[in-house]
Amino acid sequence: MAGKNFTLIGVAGYIAPRHIKAIADTGNNLTAAYDCFDSVGRLDSSFPECYFFTENEQFARFCSKQMKTDNPLHYTSICTPNHTHETFIRYGLRLGTDVICEKPLVLNPDTIDKLMDIEKETGHKAYTILQLRLHDSIVALKKKVDEGPKDKIHDVDLTYITSRGKWYYASWKGDIRKSGGIATNIGVHFYDMLQWIFGPVKQNIVHVMSFDRVAGYLELEKARVRYFLSINSDCLPENAVQGEKRTYRTINIDGNEFEFSAGFTELHTLSYRKILDGEGFRISEARNCIQIVSDIRHATPIGLKGDYHPLAKLPLSAHPFGWDDKR
């Protein structure tokens, strides 16, 4: 059978269809998949012959046996909840495969060093998905900044509101210990994009942080960034709905709107092509954005002081289930 053989952990998850499509679009095979949930009919469209397991032990046994055949596994793709990424990256590397892990790679930056040690130990590589670095408009923006005046400091406002229902707060995503909180769960790729374009962090200030939003200020080498991220639809500006979703995403740079709403559909496939060509983003490249969101998570908000995002002034909401942020 032509192509590389993949296994996918977390195949019932939200982001898994993009990985399934990427495996198919790059001409490869999904040999085995695992998830504790069994709503995985999505496999029929591309890989009906894929072996599926709901028990970790059975899945691991199958993969170990497959590695001893003349048709072994080559890659392990990980689409599981954030707090499990480290465990499954370790598993994939020690199984004898290279690994592709969804963002956020891990929750804490020191974990990256431990995983890099396992890369050396096993001789296999782990990659992460940082797909915004592959978006044409963002690549063009980085080129413009790189070629611009060396002493230019840009003023940037990032606003990202992606509405979520009450289910979010009862799921792992609503537990800061598992998701890393709002900045990590919905914002890590934006922070990666910003530091990739404008350089390393010089100052990281949090103004407001709660279970449904985070607002703060990042001083980068070439930019002053005010940001506001939220999953609460009450924060949406009027007429701010994109498509069928109650979503608002905008980046304002030096008073001008930076448009990059289109061009997202093929970024996972492009990420896979880069990885298969040996040009993917290694896990070490996620260090800066993981450090940013870790620092935000552990920061003490200072309130409405200094240079804060205008939406930071919105009144805070009570948790729909009466839980505190730490559960």
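D254 sits in the loop that links β11 (247-253) to β12 (256-258), where helices (H or I, at least four residues) and strands (E, at least two) are DSSP runs numbered from the N terminus. The model is predicted, with local features requiring pLDDT of at least 70 and side-chain atom pairs pLDDT 80 or more, while totals for chains, interfaces and linings use all residues. Residues are numbered from 1 along each chain as its sequence is written, and side-chain values use heavy atoms, leaving out hydrogens and water.

Phi of D254 is positive, near 55°, in a residue other than glycine. Most residues other than glycine have a negative phi, and most peptide bonds are trans. D254 counts as partly exposed because its relative accessibility is 32%; buried means under 20% relative accessible area, exposed over 50%, and partly exposed in between, with a 1.4 Å probe and protein chains only.

P104 belongs to the loop between β5 (98-101) and α4 (110-122). Both K103 and P104 are touched by H85, as are I78, T80, C101, E102 and L105, when residues up to four places away in sequence are not counted; contact here means heavy atoms within 4.5 Å. H85 itself is found in helix α3 (residues 85-95), and it counts as buried because its relative accessibility is 0%. A polar atom of the H85 side chain lies 2.8 Å from the backbone oxygen of T80.

Turning to a pair of helices, α1 (residues 16-25) and α9 (residues 267-276) pack with their axes 8 Å apart, at an angle of about 50°. The axes are lines fitted to C-alpha atoms, for helices over the stretch in contact, and angles run from 0 to 180 degrees between N-to-C directions. The angle therefore makes α1 oblique to α9, given that angles under 35 degrees count as roughly parallel, over 145 as roughly antiparallel, 65 to 115 as roughly perpendicular and the rest as oblique. On the α1 side, R18, H19, K21, A22, I23 and D25 take part, meeting H268, T269, Y272 and R273 of α9.

After α9 comes G278, with a positive phi near 80°.

Definitions and conventions:
Polar contact = N/O pair within 3.5 Å; in protein donor to acceptor, adjacent residues only side chain to side chain.
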